[in-house]
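Hi there,

Here is the structure I promised to pass on. Have a look at it first, and my notes follow below.

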Amino acid sequence: MGDAMTTAPSPELDRLVEGYRRFRETAWTPRRERWARLREGQNPEVMIIACSDSRVDPAQIFDVDPGEMFVVRNVAAMVPPFETAPGHHGVSAALEFAVQVLGVKEIIVMGHGMCGGCRAALTQELHGAEPGEGGFIADWIAMLDEVRAPIAATLGTTGRPAERAMEEAGVKVSLANLRTFPCIRRKERDGTLKLRGAFFAISDGVLHLLDESSGRFEAVE
Ligand SMILES: [Zn+2]
């Protein structure tokens with residue numbers, strides 16, 4: 001059964017295999033030395049937390065090589081707060097690994113334009129949905145409820161200005177939640193770890209960086 005499932009042809013898999021062959025030819029074979037070095041281990045200096053959205057691949061946006069960036073992607077690029085409640089804490093496990101084992105020097109939280117997760121947080125359209133029917137998303141993006149209220153009150157719950165405000169606020173929530181992790185707070189305080197907020201605008205492909213003193217996202221020249 002396993003074989004039948006994995007080898008059954010599909011146009012989707014064909015496209016991927018074609019891409020894989022291009023990768024072997026243009027990226028792997030000419031750079032075999034680099035891959036040989038990576039076989040010994042990884043030593044990325046940056047961790048990035050980004051959205052799962054198919055349009056915002058951090059490795060592509062920052063044009064980095066394999067081994068350079070430790071990546072977590074999830075709905076709306078969220079970091080949950082430090083919680084010890086039972087459950088499977090995937091983001092927290094990745095953070096622990098990046099910070100304590102790999103010793104990354106920077107953690108970047110990157111939000112993006114036209115984020116479906118942020119939009120759903122704003123409209124609350126999945127509110128009350130059953131797990132598996134939207135309930136997991138609703139629960140996940142409920143992390144944005146607190147920042148949603150003032151945005152909804154001033155900009156409403158639909159339209160780009162409200163959505164953009166939500167997308168930017170989401171990055172700030174994740175940064176604040178990062179700072180609830182004792183190991184992260186300690187390393188940031190002693191200067192061995194930097195936290196940064198970023199925003200990638202899909203419409204014009206422009207990267208913005210958060211200036212935490214002003215709370216504004218400034219376009220990168
Ligand atoms: Zn998104």
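To start with a question: is Phe-97 buried, partly exposed or exposed? Phe-97 is partly exposed, with a relative accessible area of 34% (buried means under 20%, exposed over 50% and partly exposed in between, using a 1.4 Å probe and protein chains only).

Before the rest, a word on the model: it is predicted, so local features need pLDDT of at least 70 and side-chain atom pairs count only at pLDDT 80 or more, while totals for chains, interfaces and linings use all residues. Residues are numbered from 1 along each chain as its sequence is written, and side-chain values use heavy atoms, with hydrogens and water left out.

**Aromatic pairs**

Searching the whole structure gives four aromatic pairs (rings of Phe, Tyr and Trp, the last by its six-membered ring, with centres within 6.5 Å; planes under 30 degrees apart are stacked, over 60 edge-to-face and the rest tilted). One of them joins Phe-70 and Phe-97: the ring centres are 5.7 Å apart and the planes stand at 40°, so this pair is tilted. Phe-70 sits in strand E2 (residues 69-74) and Phe-97 in helix H5 (residues 90-102), so the pair ties together parts 27 residues apart in sequence. Helices (H or I, at least four residues) and strands (E, at least two) are DSSP runs, numbered from the N terminus. Phe-70 is buried, at 15% relative accessible area.

Another pair is Phe-82 with Phe-181, with centres 5.4 Å apart and planes at 85°, so it is edge-to-face. Phe-82 lies in the loop between E2 and H5, and Phe-181 in the loop between helix H9 (160-178) and helix H10 (182-189), so parts 99 residues apart in sequence are tied together. Phe-82 is partly exposed at 42%, whereas Phe-181 is buried at 6%.

**The zinc ion**

The protein donors are Cys-51 (SG), His-112 (NE2) and Cys-115 (SG), lying 2.0 to 2.3 Å from the zinc ion. Donors here are N, O and S atoms within 2.8 Å of the metal (3.2 Å for Na, K and Ca); water is not among the atoms, so sites may look incomplete. Along the chain, the donors follow the spacing C-x60-H-x2-C. Both His-112 and Cys-115 are buried.

**Helix packing**

Helix H6 (residues 116-123) packs against H9 at an angle of about 110°, with the axes 9 Å apart (axes are lines fitted to C-alpha atoms, for helices over the stretch in contact, and angles run from 0 to 180 degrees between N-to-C directions).

Enjoy exploring it!
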